[in-house]
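Please keep the structure in view while reading.

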Amino acid sequence: MTQYDSPSLPAHRAEASRQAPEVPGDPSPSRTTRPWMPALLYTLGFLTVYLLAICTPWGQRAENALFGLGKQGAEAAWIYPLSGSEYGSTPLPPMELSAKPTLMAGLAVIVLLTLVRRCWWQGCAALGVVVLTTGAKEVLKSTLPRPDLVGAPENLLDQGFPSGHTAIPAALTLAVVLVVSPRVRPYVATVGVLWLACIAAASATMGGHRPSEVLGATLLACAFYGFATWLLPSAAAPGATRIPRALPVITLTLALAIALVSGARNDTLTRSLVSAATAFICVALVWYSTAGRPAHTARRTRPTPG
C-alpha cells in the first residue's frame, strides 16, 4: 500500500502549484471593469475647482482676499529674483519668457527618448499629454467665463484658469514618465514633482495665478495622463515598478520644503502657507498618478479557469 500511495502526494502538490499563481493575478472587479475612473475623477475635480472657486461669490471672495494680504506685490516673494520679472534676472523655467523654450525642450526630450527606446505607443501618448494639456489650457483660458460676482477690482477680473506656468511642468513630468525605463520611472517622477512644487508655489505666491488656477492646471494634466494610459494597448501600458520604500516619504518631504520656500513672502504668512499648500496638493496628485497608482493594474483581466 505504501508503494502505491506515495506517488499521489507529489501529483497533488504539482496540481496545487499550477493553480496557485492564478490567485495573486486576480484583481478586484473595480480595477478590471472601471479603468477609466482615475481620468474621470481628475476631470470632475477640474470642473469642481472651476465651479467652486470661480463661479461662486464666496469662492471669488476667498481668492481675492489673498491678494489683499500682500501689499508689496511680487517683490515680496522670496523667489522673485528667480522669476524673470526682475530686470536682468534669469527666469526659472518655465517662468516668464522661458515658458515656450522649456516646452519645446521637453517635447524634444520626449521624441528623443521615444526614438532611443522605440516605445512608439508610449511616445505618442506622452506627446498627446503635453500637446493636449497645453492646448486645452489656451482654449479654456479664452473660453471659460469668469463672472464678476463680488464687484472685484478691475485688475482681478483677468481670466487665468488654468495656469499655463503650472501646466508645463505637470504635463512634462507625466509625459516623460511614460517613455522612460520602469527602473528609473520613480526617480524621474521625483525630479518632476520637485520642479512642479517650486513652480506651482511661485505662481501662486507672486500673484500671477490664483490657487484654483494652479490646481486646475495640474488636474487637467492628470486627466489627460489618465486618458492616455487608459487608451494605451495592454502591452504598452506602464507596468508595475518597484519603488524604494523610503522614496515616497523623501519625495513628499522635499516637495513640501521646496513649496514652503518657493511660496514664502516677507509680508504675509497666510498667503505663503496657502501657496505652499496648493503646490503640495499638486505634487500629491502627480505623484499618485505616476507612482502611487500603477497604470498596468487597470488593464488586467480576470484569468479564465483552466
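Helices (H or I, at least four residues) and strands (E, at least two) are DSSP runs, numbered from the N terminus. Residues are numbered from 1 along each chain as its sequence is written. This is a predicted model, in which local features need pLDDT of at least 70 and side-chain atom pairs count only at pLDDT 80 or more, while totals for chains, interfaces and linings use all residues, and side-chain values use heavy atoms, with hydrogens and water left out.

Two loops come up in what follows. Proline 162 lies in the loop between α7 (120-143) and α8, and the peptide bond that joins phenylalanine 161 to proline 162 is cis, with omega near -5 degrees. In the loop between α5 (57-69) and α6 sits proline 94, and the peptide bond from proline 93 to proline 94 is cis as well, with omega near 5 degrees. Glutamate 96 also lies in the loop between α5 and α6, and its phi is near 50 degrees, a positive value in a residue other than glycine.

Two packed helices are described by the angle between their axes and the distance between the axes. Here axes are lines fitted to C-alpha atoms, for helices over the stretch in contact, and angles run from 0 to 180 degrees between N-to-C directions; contact means heavy atoms within 4.5 Å.

| Helix pair | Axes come within | Crossing angle |
|---|---|---|
| α6 (residues 99-117) and α8 (residues 164-179) | 10 Å | roughly 5 degrees |
| α8 and α9 (residues 185-205) | 9 Å | roughly 175 degrees |

Because angles under 35 degrees count as roughly parallel and those over 145 as roughly antiparallel, α6 is roughly parallel to α8, whereas α8 and α9 are roughly antiparallel to each other. Residues of α6 in the contact with α8 include Ala99, Leu107 and Arg117, and those of α8 include Ile168 and Val179. In the other pair, among the residues that meet are His165 and Leu172 in α8 and Arg185 and Trp195 in α9. The contact of α8 with α9 divides into 12 nonpolar, five polar and one charged residues, where Ala, Val, Leu, Ile, Met, Phe, Trp, Tyr, Cys and Pro count as nonpolar, Asp, Glu, Lys and Arg as charged, and the others, Gly among them, as polar.

Terms used:
Angles under 35 degrees count as roughly parallel, over 145 as roughly antiparallel, 65 to 115 as roughly perpendicular and the rest as oblique.
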